[in-house]
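Student: I would like to learn how to read the features of a structure such as this one. Please show it, and let us then take the features in turn.

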Amino acid sequence: MSPSERATHPGTTLLIVEDEILAAMALKDELEDAGYHVLDLTGRHQEAVAAARDRHPDLALVNIQLQGRDDGIEVAVELKAMGIPVLFISGQISRAQSAKTVAVGSLPKPYSPIEMVRAVNYLLRHLKGDESLPCPAALEVFDHPQPGTAPAPEPAA
Amino acid sequence: MAARLPANSDESALSLTLAVVASSAGPLLLLDGDLNIIAASASFCEAFDIDCATTRGRQLYDLGAGEWDVPPLRALLDTAASGDPKRDTDEIDLVRPRHGLRRLAIQAQRLVYFDKAHPRFLVAVNDVTEARADRKAMEEALEQNSVLLQEVRHRVANSLQIIASVLLQNARRTSSDETRGHLQNAHHRVMSVAELERQLSASAEGAGNVHLHTYFTKLCDSIAASMIGDDGQLALIVDGGDSEVTARVSVSLGLIVTELVINALKHAYPDGQSGTISVTYTHRGPNWTLSVHDDGVGMPTDPALIRTGLGTSIVQALAKQLEACVEIAPGHPGTKVSVEHTQVALIGDRPAEPAVTVAIERPAA
């Protein structure tokens, strides 16, 4: 990974919602090495939503299959309502595709943690309109108005 | 003794026709030009609970309790009566008293014979209800198996992702560069298989063939993300491979690509040298060639400097499994490693020539 990719990202906080703790640990290490602050790992819906409400991360990396019967798409719906962009990190590609409106992109498993760092680097800039980084090949971006970027709806008559 | 000729050959011919129809093992009807029944086979009457003695001169639509009077059957017979040969077979649903809904395959054919003024139609009727139900059940079972197989593939991919993550965690925590390199290589090998499983899980069948260009591109993207910086010094391109092979073959090809690309990235471009690595797959009939070509420093000329490691062993073993030979040649510049499978007819029971063993790994830069 190049020095620019290792650059710190002060104040940039990420939330990982993943039921496979070992995969999540590897991801957390790599993202922290890249300078991100990563919140405590969780694989549960309510924990993820509570952490997001408390810390308001800049981006949430959400697996679709979570612990128990928790579902990452339902988590994404709540996170989007809070204005937190979601990146799906699931091998369930068709389900991720079906939930494009609640996420900003999808990086399907299997991914290497380094690929994920590049995807996060790109997405955080992309969401601010900065296209200075190339979009990683494995990342699918769901371009549509996101919370905070969409024009305000017309007030009801 | 000579056979006695019939008194009237027309009557004899009709008698013979009626006898043939009546004795048909498959349900059969002979209709006249107005679609009235001339003869019905005993098998037809038995299969559809009809008194054979009452069929002659009646319209097919009048049989039974009127269940034969359905628009699809009328349309089929009208088509046959018009002489249109394009659509003389159809399947119709018939609601039979005491039997419920039955699916019938009906073939209506205008007979070609010398008396064009009096057309005749032969109608074969087969009850295919059970056959269609069996086929539907089989299709549902296959669909269910496919879904299950996709789920298994998905879970395998997830499990491999976990193993790859653990290997990478170990690599990060070891203080030995050599050990770290081995663990990172193992990570790439596991990811190679994981990517294949993911691609298979996304395919409609779950056990189908793998599109090589897509697979190799994903593999190379993953390797490039880990081993190539974004300074644009090195490029990794995939050429060809616009064909599909079985999952079993593709997993071997994917591992070979992984080994050869990692090897080139590690050794072909010392001191930050720039260049391009090309992964190419071509095929002609059953013969194919997979090559990895770099434009780096090339192989050392001193054989003593060439060592054989795990990567070499893996490529050789997989090539042998694929009944392919490995060849290393100068790339002008760089090095080109080709794995070539040539389908050769066996002579007697003699097996194909084994793959030639050569070293693939270069000395560390």
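Tutor: Among contacts in chain A between residues at least 6 apart in sequence, 60% join residues at least 24 apart; two residues are in contact if their C-beta atoms, placed from the backbone, lie within 7 Å. This is a predicted model, in which local features need pLDDT of at least 70, side-chain atom pairs count only at pLDDT 80 or more, and totals for chains, interfaces and linings use all residues. Residues are numbered from 1 along each chain as its sequence is written, while chains are lettered from A in the order in which they are written.

Student: How many helices and strands does chain A have?

Tutor: Helices (H or I, at least four residues) and strands (E, at least two) are DSSP runs, numbered from the N terminus. Chain A has six helices and six strands, in the pattern α-β-α-β-α-β-α-β-α-β-α-β along the sequence.

Student: What is the strand order of the open sheet in chain B?

Tutor: Strands pair if DSSP finds at least two bridges between them. The five strands of chain B follow the order β2-β1-β5-β4-β3, with antiparallel pairing. β2 (37-40) and β3 (89-96) of chain B each have a single partner strand, so one side of each lacks a neighbour in the sheet. β4 (residues 100-110) and β5 (residues 121-127) of chain B pair over seven bridges; Ala108(B) has Val123(B) as its bridge partner in β5(B).

Student: Which element gives the most to the side of chain A that touches chain B?

Tutor: The contact takes 23 residues from chain A and 26 residues from chain B. On the chain A side, α2(A) gives the most, with five residues.
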